[in-house]
Amino acid sequence: MKYGLLSYEFKRHFNVGDYVQSIAARQFLPQVDRFLNREKLHGYRGEKIRLIMNGWFMFHPENWPPSPDIEPLFVAFHINPKHADAMLSPRKADYLRRFAPIGCRDEQSRAVLETHGIPAWNSGCLTLTLHRSYRWSPTPDSPVLLADALFKAPTLRSSFKSPNAFVKSLKSGRLFRIGRRRALLNRLLAGVGQRKEECTCDYPSNAFPAPEARFKLAEQLLERLARARLVITSRCRASRWGRRSSLWTAIWPRKASARALRSSCRFSTSSRCGRTEAMSRASTRRPRSAS
């Protein structure tokens with residue numbers, strides 16, 4: 001039997017967090033024989049191949065369902081609400097029923113599937129299992145890592161990258177909030193003695209065109225997270241891994257509001273591991289013993 005692993009299609013930029021989700025799936029495979037593009041699973045033809053279907057689905061609902069040559073295992077599955085109706089037409093819903101119960105990444109996906117008569121359960125995100133391979137192992141000089149903290153905050157670069165971006169920033173008032181990110185982070189980190197480092201999950205697609213290069217970036221990110229003293233992030237997958245790896249992680253949502261923390265796509269899984277829903281600006285969790 002052949003085993004596949006999900007890869008992803010992006011035009012300009014890609015989020016390395018998607019590849020972190022595939023690394024989480026890779027832990028459970030005896031080998032990886034082929035990368036399968038999430039958006040083009042319908043076009044696979046060849047020897048039967050098994051594939052863990054975890055993560056966010058999808059940009060192109062017209063390409064659903066996958067090829068009959070793929071034997072799927074649905075766990076940590078999230079259905080894009082924007083395309084849920086297209087992906088759950090009667091014929092396409094029958095495909096999911098064949099492999100039910102469907103393990104869902106979040107309560108929203110579970111509820112949507114059950115509304116269409118598809119048995120489902122909340123498995124949580126598969127990145128919660130990454131502590132099997134990446135354990136928190138800081139050293140005395142480990143840094144505080146800012147992993148895309150408040151990455152949606154306006155900057156000079158984002159506000160002036162084009163005339164259209166400038167007009168939008170001016171009309172929305174974002175132009176006048178440039179600099180708030182740094183001020184907020186300085187206030188948060190006041191008194192923290194460790195050195196600070198920043199990293200990003202967003203990379204240009206043309207700089208890393210091959211899946212192998214993108215998986216390497218994801219592995220390097222996980223290693224940096226594992227060595228950090230503290231991680232401050234607005235990325236949900238970084239926070240989920242930290243919670244399961246005994247790492248003290250602060251979640252700072254892109255929009256600092258209770259609604260953002262309750263987002264069924266992003267933080268409902270994390271709320272099962274901490275008190276995220278009770279906090280409006282950030283969520284922190286004390287580390288368990290590293291033993």
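Which residues does arginine 227 touch, not counting residues up to four places away in sequence?

Modeller: The model is predicted, so local features are described only at pLDDT of at least 70 and side-chain atom pairs only at pLDDT 80 or more, while totals for chains, interfaces and linings use all residues. Residues are numbered from 1 along each chain as its sequence is written, and side-chain values use heavy atoms, with hydrogens and water left out.

Arginine 227 touches Ser137, Pro138, Thr139, Ser142 and Pro143, when residues up to four places away in sequence are not counted; a contact means heavy atoms within 4.5 Å. Arginine 227 belongs to helix 8, which covers residues 211-227; helices (H or I, at least four residues) and strands (E, at least two) are DSSP runs, numbered from the N terminus. Arginine 227 counts as partly exposed because its relative accessibility is 44%: buried means under 20% relative accessible area, exposed over 50%, and partly exposed in between, with a 1.4 Å probe and protein chains only.

The side chain of glutamine 27 reaches the backbone oxygen of alanine 24 at 3.0 Å. A polar contact of 3.1 Å also joins the side chains of glutamine 27 and threonine 129. Such a contact is a pair of N or O atoms within 3.5 Å; within protein, one must be able to donate a hydrogen and the other to accept it, and residues adjacent in sequence count only if both atoms are side-chain atoms. Leaving aside neighbours within four places in sequence, glutamine 27 is in contact with Thr129, Leu130, Arg132 and Ser133.

Leucine 150 lies in another loop, between strand 8 (144-147) and helix 5 (156-159). At 9% relative accessibility, leucine 150 counts as buried.

Of its 291 residues, 49% are buried. Among contacts in the chain with a separation of 6 or more, 65% are between residues 24 or more positions apart.
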